[in-house]
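Subject: Structure for your review

Dear colleague,

Please find the structure below, together with its sequence. The notes that follow set out what was found in it.

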Amino acid sequence: MSASRLSAWLPVLAWAAVIFALSSIPHLGTGLGTWDTILRKGAHVTEYAIFGLLLARAIGRELPAFLLGVGYAITDEIHQHFVSGRHASPIDVLIDTIGLALGIFVVRRLFQTRPVPGTGQVS
């Protein structure tokens, strides 16, 4: 594997491992009631937005990055089904999907070329 491919995919693999490790924590909760739910769902969006950003950067195409991320989100929920005190939730896959879309959107906005007004060139 070339150095550039490695530098593109290593962050993806590292972040996937972080998600897996967080999903492996049994009985995850803060005991803060409604705030606990808000914090956990916000964490889902954030961790998958980062994952989407990294996937889009590594793959270079939005749809394959999105589909790979959704596939990982599904397997992550299946994994949580087997962790004590955790459960699999289709709602969490939906929340993860929203995070992926946000992360991919950010990459698209950061790296899209734009015409420079009055020059006919793109930046």
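In these notes, buried means under 20% relative accessible area, exposed means over 50%, and partly exposed lies in between (1.4 Å probe, protein chains only). This is a predicted model, in which local features need pLDDT of at least 70 and side-chain atom pairs count only at pLDDT 80 or more, while totals for chains, interfaces and linings use all residues. Residues are numbered from 1 along each chain as its sequence is written, and side-chain values use heavy atoms, with hydrogens and water left out.

Overall architecture

The protein has 4 helices and 0 strands, where helices (H or I, at least four residues) and strands (E, at least two) are DSSP runs numbered from the N terminus. Along the sequence, the pattern is α-α-α-α. Taken along the principal axes, the C-alpha atoms fill a box of roughly 60 × 35 × 20 Å. Of the 123 residues in the protein, 30% are buried. A contact is defined by heavy atoms within 4.5 Å. Among contacts between residues at least 6 apart in sequence, 70% join residues at least 24 apart.

Helix H3 and its surroundings

Helix H3 covers residues 62-81, a run of 20 residues. Its first and last C-alpha atoms are 29 Å apart, close to the 28 Å expected at 1.5 Å a residue; the expected span is 1.5 Å times one less than the number of residues. The buried residues of H3 are Ala65, Gly69, Val70, Ala73, Asp76, Glu77, His79 and Gln80. These buried residues pack against helix H1 (3-23), helix H2 (34-59) and helix H4 (90-111).

Charged side chains

Lys and Arg count as positive and Asp and Glu as negative, with His and the chain ends not counted. On that basis the protein has 9 positive and 7 negative side chains, and the centres of the two sets lie 12 Å apart. The place of each charge is taken as NZ of Lys, CZ of Arg, CG of Asp or CD of Glu.

A salt bridge requires a side-chain nitrogen of Lys or Arg within 4 Å of a carboxyl oxygen of Asp or Glu. By this rule there are 3 salt bridges, described in turn below.

- Arg40 and Asp36 meet at 2.8 Å, N to O. Both residues lie in helix H2, 4 residues apart, about one turn of the helix. Arg40 is partly exposed, with a relative accessible area of 30%, whereas Asp36 is buried at 9%.
- Asp92 and Lys41 meet at 2.6 Å, N to O. Asp92 lies in helix H4 and Lys41 in helix H2, so the pair ties together parts that are 51 residues apart in sequence. Asp92 is buried, with a relative accessible area of 5%, while Lys41 is partly exposed at 23%.
- Arg108 pairs with Glu62, the closest N and O atoms being 3.3 Å apart. This pair links distant parts of the chain, with Arg108 in helix H4 and Glu62 in helix H3, 46 residues apart. Both are partly exposed, Arg108 at 46% relative accessible area and Glu62 at 37%.

Which side chain of opposite charge is nearest to Glu77, a buried residue without a salt bridge? The answer is Arg86, which is 6.6 Å away. Glu77 lies in helix H3. Leaving aside neighbours within four places in sequence, Glu77 is in contact with His44, His87, Ala88, Ser89, Asp92, Val93 and Asp96. His44 lies in helix H2 and is buried at 9% relative accessibility. With the neighbours within four places again left aside, His44 is in contact with Glu77, Gln80, Asp92, Ile95 and Asp96.

Leu28

Leu28 sits in the loop between H1 and H2 and counts as partly exposed, at 39% relative accessibility. Not counting residues up to four places away in sequence, Leu28 touches Leu22, Arg40 and Arg86. Leu28 and Arg86 are 58 residues apart in sequence, yet 7.4 Å apart in space, C-alpha to C-alpha.

With kind regards
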